[in-house]
Amino acid sequence: MKERHQIAVRTLVDVVLRAGDLDMRFSLSGRPLEGIRAHQKIQRQRPEGYRPEVPVSIEVETADLILVVSGRIDGVIESDEAIIVEEIKSTTNDLKTIEKAPNHCHWGQAKVYAYLLASAQDLGAVTIRLTYYHLDTGDTLELAEVWTRDGLETFFQELIDRYLKWATILVRWRHLRNAAILSVGFPFMPYRTGQRSMAVAVYRTIRDGGQAIIQAATGIGKTMAALFPAIKTLAEGHIDRIFFLTARNTGKAAAIRALNILQEAGLRLKRVSLTAKDQICFCPDATCNPEECAYAKGHFDRLPEALDDAFSRDNLDRSAIEAVAHTHRVCPFELSLELCRWADCIVCDYNYAFDPRVYLKRFFDEENGAYAFLVDEAHNMVDRSRDMFSAKLSKSDFLELRRAVKNHLPAVYRAAGKINTWMLDARKRIQETGGFQSETRLPEGLEPLLRAFLRVSERWLAKNQSTPFREIVMERYFETSGFMRVWDQFDDSYVTCRQATGKDLQVKLFCLDPSSHLRLALRRSRSVIFFSATMTPARYFRDILGCEPTAAMLAIPSPFLRQNLKVLIASGISTYYAQREESVDRIVALVRSFIHPKKGNYLCFFPSYEYMTMVVDRFEEQEGDVQVLVQVREMDEAGRARFLDRFSTQNDQTMVGFAVMGGIFGEGIDLVGERLSGAVIVGVGLPAICPERDLIRDYFDRRKAGFDFAYRFPGINRVLQAAGRVIRTDQDRGALLLVDQRFGRSIYQGLLPDHWAMAMAGSEEQMENQLKRFWSSVN
């Protein structure tokens, strides 16, 4: 049976007709919601008999495949005189400029629609009308051409012939890929304990088009257990593409390593690893346009050869993409996005699938394929999704903008001034009520000021003048545009927060419950697997991540022997904020007793930098023979690497690293064997008490789970992530000390792993004796 290859009219035209330069300078492309309303307005104004949103499609069969081209015509008018196919475009560009310089892709799209209609209805000729609607003025521009069916067919056939070259290569590749996938076996036989259970659950969920929440303990090999069965379903035709979604570069690296291992075992799979634009750009100080960047000039002319070169490789990670882009002098970021069209697996950040600002519209708006989402370290999705669906503006930013443009852009200056005045009045009112205020409705009087600012800013930005203040205007424009996008979807899952700090005011549209927004985003996939070592409790994640009630929930225990991990609880210490100062000496004593029985490397996790610093200062006063490492705020990748490199098996003396729970050392690091002997976790990981967390608590109190959703569940997952650093392989032995009186309570112990054999630490001397016995039994 021949493979059916589907493509949208818009995508077909865009892929084939692009030529010349890559120019990412600001353009007035229109505003999405207003554009939809403009379409509807024009459609309502048309005469009786006008048919809006007319679906059309055609099948083109070759020796290798059946290509299905489909789309929706904005409107069709049928009369005795003519058949009119109308394509409507909303814009904020000058209509006279549009009339003088026709857009070839707009006309190409309209001509394909006209051909599809003419072919379906056996029409001899069709009138094509391009209608542009100006979003600011309400003016329209109508451009019309009459095309015979033969002329349209010639145009369509030329378009198809150029596209079929790639489509045929792709189909032949898939036959080769599928044969390789079906023959490749699991690379690590036998399966680790629990790994096969996870792989089977992933396979069945994707095969059946379902959803799953999987908690799999550290050491099972989650990445391979997710990717291997997903790849099998790809070959069986259940899905078109795999998205491996992760929050950190360590997760991306793990996925790429797993895919490389499978390739060594015989797998053939085209995979693309997406890197953020600011990290992969060859000319970071230049604007992406042909006048400033040599890679942008002629980019689309050189792109076909670059794609040919890239397609000869299976592993298109960052280094491979950069090599191809250098060779063919094309933009590496745009090349990576283009390669995603042909990739079997895309490894990327959560944002590319979920964030309304940057998700891959070419897949999720235009093509709607059968995709599998593998969401790695999914416990991170809760806070990340709240950030994705929230937006904020600050008074100080608009004041800074006014100072920058005062003598240059009077319209922008005045518009920003009105916003600043509104915020000044709001700040005065809020300061009278304690500095923070929230309400369940949008702020009154702000919307027209923000929309006016967007209009005047975009008019100037569209001139693309190089000035010292252009960047700040651009930043405020996109920040405000994102704020208005959230404004338009504001519902009862949001609150408006106003916070005054000194002379500044922040206005935030804060998403309390991201579940409904994630539920819509999950419709972009055929199947989704959320997996992590910490998904406790599963029902919490199922609800907050927008999963269906039918989503499978699976918890896979640790594959390692219980006796390999010594878990002690020091429940006689309060780490509540008010008692932290008086707890310092006892914590220092516990840490000293914890590390004395065995020379080695240890990590101590704290709920905040301030608390950590208090303990570190006192610890260093009392322990002169121990190396001390301390995590600092805003540590970069190089600093992180230097910190981890100190955890060596060759250290001559005991070393203790102090870090913050939920930070860069709380998850995603592998210190195998003697590189880490144990960890101390101080506190139950609760996020810092703040007005926003309290709003989350109040919102979920409707379900009688406010404190759990806002504080307890996020906290315990931080604890479990930190604890997971200790045992990474079946050869590891280690100790874990939990310090907080709350760990002795049943409500917290019920959230800890069943496979932990926990014991009370007792006094420092008793704990030290327990650890001596543990380490002697290991040796």
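Modeller: A crossing is right-handed if the near helix is turned clockwise from the far one by less than a right angle. Keep that in mind for α7 and α8, whose crossing is right-handed. The model is predicted.

Colleague: Where do α7 and α8 run, and at what angle do they pack?

Modeller: Helix α7 covers residues 222-235 and helix α8 covers residues 249-264. Their angle is about 55 degrees, and the axes are 10 Å apart.

Colleague: What about α22 and α23: what makes them oblique?

Modeller: Helix α22 spans residues 580-595, and its angle to α23 is about 55 degrees. That lies between the limits of 35 and 65 degrees, so the two helices are oblique to each other. Their axes are 9 Å apart, and α22 passes α23 in a right-handed crossing.

Colleague: Which residues of α23 does α22 meet?

Modeller: Tyr-611, Met-614, Val-615, Arg-618, Phe-619 and Gln-622. On the α22 side, Arg-580, Val-584, Ile-587 and Val-591 are among them.

Colleague: Where does Pro-607 sit, and what does it touch?

Modeller: Pro-607 is in the loop between β20 (601-606) and α23 (609-622). Leaving aside neighbours within four places in sequence, Pro-607 contacts Arg-580, Val-660, Met-661 and Val-682. Pro-607 and Val-660 are 53 residues apart in sequence, with C-alpha atoms 5.9 Å apart in space.

Colleague: How many aromatic pairs does the structure hold?

Modeller: It holds 39. One of them joins Phe-244 and Phe-531, 6.2 Å centre to centre, with 65 degrees between the planes.

Colleague: What makes Phe-244 and Phe-531 a pair, and how are their planes classed?

Modeller: Ring centres must lie within 6.5 Å, and planes over 60 degrees apart count as edge-to-face. With 6.2 Å and 65 degrees, Phe-244 and Phe-531 are an edge-to-face pair. The pair links strand β8 (residues 241-246) to strand β17 (residues 527-532), 287 residues apart.

Colleague: Are Phe-244 and Phe-531 buried or exposed?

Modeller: Buried means under 20% relative accessible area. Phe-244 has 0%, so Phe-244 is buried. Phe-531 also stands at 0% and therefore counts as buried.

Colleague: How is the pair of Tyr-540 and Phe-709 arranged?

Modeller: Its centres are 4.8 Å apart and its planes make 80 degrees, which is edge-to-face. Tyr-540 lies in helix α21 (residues 538-544) and Phe-709 in helix α26 (residues 706-723), 169 residues apart. Both Tyr-540 and Phe-709 are buried.

Colleague: Why does Phe-243 count as buried?

Modeller: The cut-off is under 20%, and Phe-243 has 1% relative accessibility, so Phe-243 counts as buried. Phe-243 is found in strand β8. Ring pairs link Phe-243 into a cluster with Phe-354, Tyr-359, Phe-363, Phe-364, Tyr-371 and Phe-373. Beyond its sequence neighbours within four places, contacts of Phe-243 include Ile-346, Leu-360 and Leu-374.

Colleague: How do you know that Arg-329 lies over the face of Tyr-295?

Modeller: The limit is 6 Å from the ring centre and 35 degrees from the ring normal. Arg-329 is at 4.8 Å and lies over the face of Tyr-295. Lys-598 likewise has its charged end over the ring of Trp-775, 5.1 Å from the centre.

Colleague: Last one. Where is Asn-564, and why is it called buried?

Modeller: Asn-564 is in the loop between β18 (552-556) and β19 (565-570). Its relative accessible area is 3%, under the 20% limit, so Asn-564 is buried. Not counting residues up to four places away, Asn-564 touches Ile-727, Asp-730, Asp-732, Arg-733, Gly-734 and Phe-774.

Conventions:
Residues numbered from 1 in each chain as written. Predicted model: local features only at pLDDT ≥ 70, side-chain atom pairs only at ≥ 80, totals over all residues. Heavy atoms only, no water. Helix = DSSP H or I, 4+ residues; strand = E, 2+ residues; numbered from the N terminus. Contact = heavy atoms within 4.5 Å. Phe/Tyr/Trp six-rings, centres within 6.5 Å; stacked < 30°, edge-to-face > 60°. Buried < 20%, exposed > 50% of the residue type's maximum accessible area, 1.4 Å probe, protein only. Axes fitted to C-alpha atoms, helices over the stretch in contact; angles between N-to-C directions. Parallel < 35°, antiparallel > 145°, perpendicular 65-115°, else oblique.
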